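Open the structure in your viewer and keep the sequence panel beside it. The tour goes from one selection to the next and says what is there.

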Amino acid sequence: MNQKITKNLYSFFGNEYQNNAFLLINNDNNECVVIDPSTYANEITLFIRENKLTLRGILLTHGHYDHYSSDEVLVNNFETKIYCPLKEKNVILNHNFSKEIVGEIKIINENNYVFFEGEELIVGTFVFNVLETPGHTKGSVCYKWENYVFTGDTIFYNTIGRTDLPTGNQLEIFKSIRLFLATYSDDDLILPGHGCMYKKLSEVKKANAYLIHFSKK
């Protein structure tokens, strides 16, 4: 299933892992990017073709298999690349949970990936601010474009990502929450990888016990 959130942002949702995937469109030139495609590649492919869009890239917030399991379908259909933080490369290659989720190890074709560093990521005509938010995994990030913030498994509407998996760290995610609160504004739209798909940060601050707690610090 998909849903229009704003004039240039769509979500894809409803799979067995309850993942949210997002498709962001530059309406000036019909370029688009996909954030955390999960299992929705076929549905996303159909949407892109029906709307005559040009896919410029696939962005991963972190390297767990449920968030990018169908990414190679999009790579093959549109000859695009997958963008992933360099610090998350070890998770992609060694701790992606493909065996635990589907019973087989996902073979990663590194030629499909762009492992990047830095606070800015340019994909086509999109310029994203990249905020490192380790804790759920070592290389987890949030991406911001205009007032959209894609948080992956770092911040959800009413909780935060678990930290008991490989490369996770509770102290690090607490630091990331503080940085998150110091970086983003109340009017920013928070777009997580699971659960409630979009709320303004001002609303999330009222519903998320962790953000409530750290807002008082």
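How many salt bridges does a search of the whole structure find? The search finds ten. Keep in mind that this is a predicted model.

**Stop 1: two strands**

Select Arg56 and Glu31. They form a salt bridge, and their closest N and O atoms are 2.9 Å apart. Arg56 belongs to strand β5 (residues 54-59) and Glu31 to strand β4 (residues 31-35), so this pair ties together parts that lie 25 residues apart in sequence. Now show the surface around the two residues. Arg56 is partly exposed, with a relative accessible area of 39%, whereas Glu31 counts as buried at 8%.

**Stop 2**

Select Lys175 and Glu172. This salt bridge has its closest N and O atoms 3.6 Å apart. Both residues sit in helix α5 (residues 170-183), three residues apart, which is about one turn of the helix. Glu172 counts as partly exposed, at 28% relative accessibility.

**Stop 3: a helix and a loop**

Select Lys205 and Asp186. Their side chains meet in a salt bridge with an N to O distance of 2.7 Å. Here the pair links distant parts of the chain: Lys205 is in helix α6 (residues 201-207), and Asp186 is in the loop between α5 and β12 (189-192), 19 residues away. Is Lys205 buried or partly exposed? Lys205 counts as partly exposed, at 25% relative accessibility. Asp186 is partly exposed as well, with a relative accessible area of 37%.

**Stop 4: a network**

Select Asp71, Glu72 and Lys106. These three residues are linked in a network of salt bridges.

**Stop 5: the nonpolar core**

In soluble globular proteins, nonpolar side chains tend to be buried together. The largest nonpolar core in this model has 25 residues. Select Phe12, Leu23, Ile44, Ile48, Leu60, Leu74 and Tyr113, which have the most contacts inside this core. Then colour the elements that give two or more residues to it: β2 (9-12), β3 (21-26), β4, α1 (41-50), β5, α2 (71-78) and β6 (82-85). Which of them gives the largest share? That is α1, with four residues.

**Stop 6: the cysteines**

Select the cysteines and show their sulfur atoms. The count of disulfides is zero.

**Stop 7: the cavity**

Rolling a probe the size of a water molecule over the atoms shows where empty space is left. A search of the whole structure finds one cavity of 30 Å³ or more. About 30 Å³ of space lies in the largest cavity. What lines the largest cavity? Select Phe156, Tyr157, Ile190, Pro192, Cys196, Met197, Tyr198, Lys199 and Val204 to see the lining. Eight of these residues are nonpolar, none is polar and one is charged.

Terms used
Residues are numbered from 1 along each chain as its sequence is written. This is a predicted model: local features need pLDDT of at least 70, side-chain atom pairs count only at pLDDT 80 or more; totals for chains, interfaces and linings use all residues. Side-chain values use heavy atoms; hydrogens and water are left out. On a 1 Å grid over the protein atoms alone, a cavity is a set of points where a 1.4 Å probe fits but cannot get out, and a pocket is an open set with protein on both sides within 12 Å along at least five of seven lines; lining residues have an atom within 4 Å of a point. Grid points are joined across faces, edges and corners, and a volume is the space filled by probe spheres set on the points. Ala, Val, Leu, Ile, Met, Phe, Trp, Tyr, Cys and Pro count as nonpolar, Asp, Glu, Lys and Arg as charged, and the others, Gly among them, as polar. A disulfide is a pair of cysteine sulfur atoms within 2.5 Å. A salt bridge is a side-chain nitrogen of Lys or Arg within 4 Å of a carboxyl oxygen of Asp or Glu. Buried means under 20% relative accessible area, exposed over 50%, partly exposed in between (1.4 Å probe, protein chains only). A nonpolar core is a set of buried Ala, Val, Leu, Ile, Met, Phe, Trp, Tyr and Cys residues joined through side-chain atoms within 4.5 Å.
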